[in-house]
Amino acid sequence: AKAYQRLLRIMPSDKSSIIFSLLEAGVHSALQIAAMPRKIFMDNYQVLFGEDEDMAETLYQNALAMRTQLLLRHMDSLN
């Protein structure tokens, strides 16, 4: 349930079927997605988005943004 919530935060629209497909494929978080090069993510997971390449791209960009937010929060907590 937590992994579902983590992916829901970065999903551009409420596509629970895609979230469940990502979970089944072993993708559980924005940080996991952001750790992949864009080409690898698109090559491996775009098929789960059907014809909606823009949604896959937006999810990837949202994952990168989430990683940046988390990193900034972490850096702030160190000061």
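In the predicted model, the contact between helices α4 and α5 involves Arg 38, Phe 41 and Met 42 on the α4 side. Their partners in α5 are Glu 53, Ala 56, Glu 57, Leu 59 and Tyr 60. Helix α4 spans residues 38–45 and helix α5 residues 53–78. The two pack at an angle of about 135 degrees, and their axes lie 11 Å apart. Because angles over 145 degrees count as roughly antiparallel and 65 to 115 as roughly perpendicular, α4 is classed as oblique to α5. The crossing of α4 past α5 is right-handed. Sorted by class, the residues in the contact of α4 with α5 comprise five nonpolar and three charged, with no polar residue.

From α1, the contact takes in Ala 3, Tyr 4, Leu 7 and Leu 8; from α2, Ser 16, Ile 19, Phe 20, Leu 22 and Leu 23 take part.

In soluble globular proteins, nonpolar side chains tend to be buried together. The largest nonpolar core of the model has 24 residues, of which Leu 22, Ile 33, Phe 41 and Phe 49 touch the most other members. At least two residues of this core come from each of α1 (2–10), α2 (16–24), α3 (30–34), α4 and α5. The most is given by α5, which supplies six residues. Two of the residues that touch the most other core members also belong to the helix contacts described above: Phe 41 in the contact of α4 with α5, and Leu 22 in that of α1 with α2.

When residues up to four places away in sequence are not counted, Leu 22 touches Leu 7, Met 11, Val 27, Tyr 45, Leu 48, Phe 49 and Leu 59. Among these, Leu 7 is a residue of α1 in the contact with α2, and Leu 59 is a residue of α5 in the contact with α4.

Leu 7 is also touched by Ser 29, a residue placed in the loop between α2 and α3. Ser 29 has a relative accessible area of 15% and is therefore buried, the limit being under 20%. Besides Leu 7, Ser 29 touches Arg 6, again leaving out residues up to four places away in sequence.

Methods
Residues numbered from 1 in each chain as written. Predicted model: local features only at pLDDT ≥ 70, side-chain atom pairs only at ≥ 80, totals over all residues. Heavy atoms only, no water. Axes fitted to C-alpha atoms, helices over the stretch in contact; angles between N-to-C directions. Helix = DSSP H or I, 4+ residues; strand = E, 2+ residues; numbered from the N terminus. Parallel < 35°, antiparallel > 145°, perpendicular 65-115°, else oblique. Left-handed = near helix turned anticlockwise from the far one by under 90°. Contact = heavy atoms within 4.5 Å. Nonpolar A, V, L, I, M, F, W, Y, C, P; charged D, E, K, R; others polar. Core = buried A, V, L, I, M, F, W, Y, C linked by side-chain atoms within 4.5 Å. Buried < 20%, exposed > 50% of the residue type's maximum accessible area, 1.4 Å probe, protein only.
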